[in-house]
Amino acid sequence: MECTRLYFGRNEQGKYEILIEKKNLTNPENLVATLAHEFAHIKILGEKRLEINDEPLTDLTPVVFGLGIFNANSSFREHKSFDSYGHNSIGYLQQREWGYALALYAFFRQEENPGWIKFLTPNIKSDFKKSMDFIHANIDKVFIEGQKGSG
């Protein structure tokens, strides 16, 4: 993964510091995703919830705070041009993992067809819908009895 951000912890004044490369300013969705990821470092490492850096957990944390759509969309992007076609991926989670994480988020919020899915990229949206179908068909396998949402 290309280093476009960095978490440093607290400085001498007790303020948290993160650095973001200037090129991130040209893409607002990536900028929000980057900031959400770095704020997740503050929640996890800065608040000493974990002693070691767990990047996949840091990638998932913005989902809990309602910012997961930005990180999911930024994680996998297709590009097409006259002479090339391909995709770029950033972060530590795979496209399907983002779809599943967002589906779990929607399920626990009892959002059967959340309005925010229209903002997901086509690939993430497809994985989200498949994951929602899987969750509803396998609630007894996905959740431990007594801990499942009421969706």
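This is a predicted model: local features need pLDDT of at least 70, side-chain atom pairs count only at pLDDT 80 or more; totals for chains, interfaces and linings use all residues.
Next I checked F107. Its relative accessibility is 2%. F107 is therefore buried too.

I then counted aromatic pairs. I found five. One of them joins F107 and F143, with ring centres 5.1 Å apart and planes at 15 degrees. I noted where the partners sit. F107 belongs to helix α4, while F143 is in the segment after α6 (139-142).

F143 has another partner to record, F108. Here the centres are 5.2 Å apart and the planes stand at 90 degrees, an edge-to-face pair. F108 is in helix α4 and F143 in the segment after α6, so this contact also links parts of the chain, 35 residues apart in sequence. Is F108 buried, exposed or partly exposed? I read 46% relative accessibility, so F108 goes down as partly exposed.

I moved to the aromatic cluster. Y105, W116 and F128 make up one cluster. I listed what F128 touches, leaving out residues up to four places away in sequence. The list is G99, L102, A103, A106, P114, W116, I117 and L120.

F128 came up again in the core. The largest nonpolar core holds 19 residues. Those with the most contacts inside it are W98, L102, W116, L120, I124 and F128. Which helices supply at least two residues each? I found α3 (68-75), α4 and α5 (122-137). Helix α4 gives the most, six residues.

Last, I looked at how α4 packs against α2. I took α2 as residues 55-64 and α4 as residues 95-108. Their axes come within 10 Å and cross at roughly 35 degrees. The crossing is right-handed. On the α2 side, I noted D59, L60, V63 and V64. They meet W98, A101, L102 and Y105 of α4. By type, this contact has seven nonpolar residues, no polar ones and one charged.

W98 and L102 are in the α2 contact and are listed among the core residues with the most contacts. Y105 is in the α2 contact and in the aromatic cluster.

Notes:
Residues are numbered from 1 along each chain as its sequence is written. Side-chain values use heavy atoms; hydrogens and water are left out. Axes are lines fitted to C-alpha atoms, for helices over the stretch in contact, and angles run from 0 to 180 degrees between N-to-C directions. Helices (H or I, at least four residues) and strands (E, at least two) are DSSP runs, numbered from the N terminus. A crossing is left-handed if the near helix is turned anticlockwise from the far one by less than a right angle, and right-handed if clockwise. Contact means heavy atoms within 4.5 Å. Ala, Val, Leu, Ile, Met, Phe, Trp, Tyr, Cys and Pro count as nonpolar, Asp, Glu, Lys and Arg as charged, and the others, Gly among them, as polar. A nonpolar core is a set of buried Ala, Val, Leu, Ile, Met, Phe, Trp, Tyr and Cys residues joined through side-chain atoms within 4.5 Å. Buried means under 20% relative accessible area, exposed over 50%, partly exposed in between (1.4 Å probe, protein chains only). Rings of Phe, Tyr and Trp (its six-membered ring) pair if their centres lie within 6.5 Å; planes under 30 degrees apart count as stacked, over 60 as edge-to-face and the rest as tilted.
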